[in-house]
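Here is a short report on one protein model. Look at the sequence and the fold, then read on.

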Amino acid sequence: MNNHSVKNDMQLRPLIFGEVLFDQFEDGSSVLGGAPFNVAWHLQAFGLKPLFVSRVGDDSYGRRIRDEMQQWGMSTAGLQKDSSYPAGLVSVTINNDEPSFDILANRAYDHISTDALPPINPSLIYHGSLAVRHPDSATALATIKQRFTAPVFIDVNLRPPWWEHSTLISLLQHASWAKLNNNEIDILIEGSTTSLEKAHELLQRYSLETIILTLGAEGAVALTSNGEQSRIEPSQALDIVDTVGAGDAFASVCILGYLKQWSISRILERAQAFASAIVQVRGATICNKDFYQPFIDNWQLADYE
């Protein structure tokens with residue numbers, strides 16, 4: 001953990017970069033999502049006031065995104081409007097509790113510009129790998145990382161065909177924290193060694209500070225550059241509705257814990273608890289502040305304000 005002091009929420013504001021879209025389910029429902037948006041949504045509920053940087057179409061979906069952000073209390077200062085490209089859409093199919101995604105190409109979030117960034121000195125920069133599938137947004141992210149010296153948290157979301165190995169290597173080389181699942185680490189580190197051994201190799205290869213490896217029903221493990229290792233397993237069988245956004249919920253609490261200077265074991269424990277709650281509801285975002293209140297109370301988040 002960095003030894004910066006915890007002061008107030010404005011000084012802890014993370015910059016969350018990337019896609020916002022609507023997940024459209026087979027039953028006809030649509031839920032606001034996109035990994036970075038989900039992370040920003042949860043962090044807002046937990047009191048961190050993130051700056052979400054993205055781009056939406058000048059269409060009904062884009063207006064709905066802006067409206068829902070404002071209703072949730074999120075800043076829209078980093079939300080750009082695009083008259084040429086539509087808002088993001090994804091078709092979600094659920095098979096055996098596992099979602100598959102058909103991510104539509106060339107959406108507004110592929111064309112994020114750094115020209116209209118509001119003033120901020122972010123405490124952390126978060127992004128996924130889908131955010132750089134187009135050169136426009138890739139350039140914007142690179143500019144942001146050059147402009148600010150904040151630590152970078154990359155959430156590795158390998159969504160074929162929207163990623164390239166060389167690009168991902170470059171992103172990892174500029175990251176402090178990386179979160180990925182056991183399937184993704186098998187793609188990045190070839191060979192017959194275990195996922196944990198591959199995580200150790202990834203940590204050393206890219207000089208990362210921390211790796212969070214999520215293992216689905218088996219929980220998660222964290223490794224740090226100073227030799228710490230911590231593991232968490234789900235405490236009980238869950239009544240799963242869908243797992244869309246579970247990894248984003250997990251990531252949001254990792255960011256929260258990093259900025260609040262929690263121990264790595266506490267981060268894992270709380271991230272697992274929150275992700276376990278998310279999989280028991282439809283979609284990745286919850287429009288009910290009461291859903292978050294038990295976590296705010298149990299984690300004594302109000303004490304930081």
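Leaving aside its neighbours within four places in sequence, which residues is Leu213 in contact with?

## Leu213 and its surroundings

Contact here means heavy atoms within 4.5 Å. By that rule, and with neighbours within four places in sequence set aside, Leu213 touches Leu180, Asn181, Asn182, Ile185, Ser195, Leu196, Ala199, Ala220 and Val221. Leu213 sits in strand β11. Its relative accessibility is 1%, so Leu213 counts as buried. Arg231 lies 18 residues from Leu213 along the chain, and their C-alpha atoms are 9.4 Å apart.

## About the model

This is a predicted model, in which local features need pLDDT of at least 70 and side-chain atom pairs count only at pLDDT 80 or more, while totals for chains, interfaces and linings use all residues. Residues are numbered from 1 along each chain as its sequence is written, and side-chain values use heavy atoms, with hydrogens and water left out.

Helices and strands are DSSP runs numbered from the N terminus: helices are H or I with at least four residues, and strands are E with at least two.

## The sheet

Strands of a sheet pair through backbone hydrogen bonds, either parallel or antiparallel. Two strands pair if DSSP finds at least two bridges between them. Nine strands build an open sheet here, in the order β5-β4-β1-β8-β9-β10-β11-β12-β13, and the pairing is mixed. Which strands form the edges? They are β5 (79-82) and β13 (229-232), each pairing on one side only. Neighbouring strands of this sheet are turned by 15° against each other on average, direction ignored.

Strands β1 (residues 15-17) and β8 (residues 125-128) run parallel and are joined by three bridges. Ile16 has Tyr126 as its bridge partner in β8.

## A hairpin

Strand β6 (residues 88-95) and β7 run antiparallel, with six bridges between them. Asn95 stands opposite Glu98 in β7. Two residues lie between the strands of this hairpin, and Asn96 takes a positive phi near 55°.

Helix α6 (residues 195-205) lies across β10 (177-181), β11 (210-214), β12 (220-224) and β13. It runs at about 155° to β11. Axes are lines fitted to C-alpha atoms, for helices over the stretch in contact, and angles run from 0 to 180 degrees between N-to-C directions.

How many residues of α7 are buried? The count is 14 of its 15 residues, so α7 is mostly covered. The length of α7 (residues 246-260) can be checked too: at 1.5 Å a residue it should span 21 Å, and its end C-alpha atoms are 21 Å apart, which agrees. The expected span is 1.5 Å times one less than the number of residues.

## Positive phi

Most residues other than glycine have a negative phi, and most peptide bonds are trans. Gln261 has a positive phi near 65°. It sits in the loop between α7 and α8 (264-278). With a relative accessible area of 30%, Gln261 is partly exposed. Gln300 also has a positive phi, about 55°. Gln300 is in the segment after α9 (293-298) and is partly exposed at 49% relative accessibility.

## Salt bridges

Side chains of opposite charge can pair when their charged atoms come close. A salt bridge is a side-chain nitrogen of Lys or Arg within 4 Å of a carboxyl oxygen of Asp or Glu. The whole structure holds eight salt bridges. One of them joins Asp110 and Arg133, with the closest N and O atoms 2.8 Å apart. This pair links distant parts of the chain, 23 residues apart: Asp110 is in the loop between β7 (98-103) and β8, and Arg133 is in the loop between β8 and α3 (135-147). Asp110 is buried at 1% relative accessibility, and Arg133 is buried at 17%.

Glu201 and Arg205 form a salt bridge (2.4 Å, N to O). Both lie in helix α6, four residues apart, about one turn of the helix. Glu201 is partly exposed at 33%, as is Arg205 at 43%. Glu218 and Arg231 also meet in a salt bridge (3.8 Å, N to O). Glu218 is in the loop between β11 and β12 and Arg231 is in strand β13, so the pair ties together parts 13 residues apart in sequence.

Technical notes:
Buried < 20%, exposed > 50% of the residue type's maximum accessible area, 1.4 Å probe, protein only.
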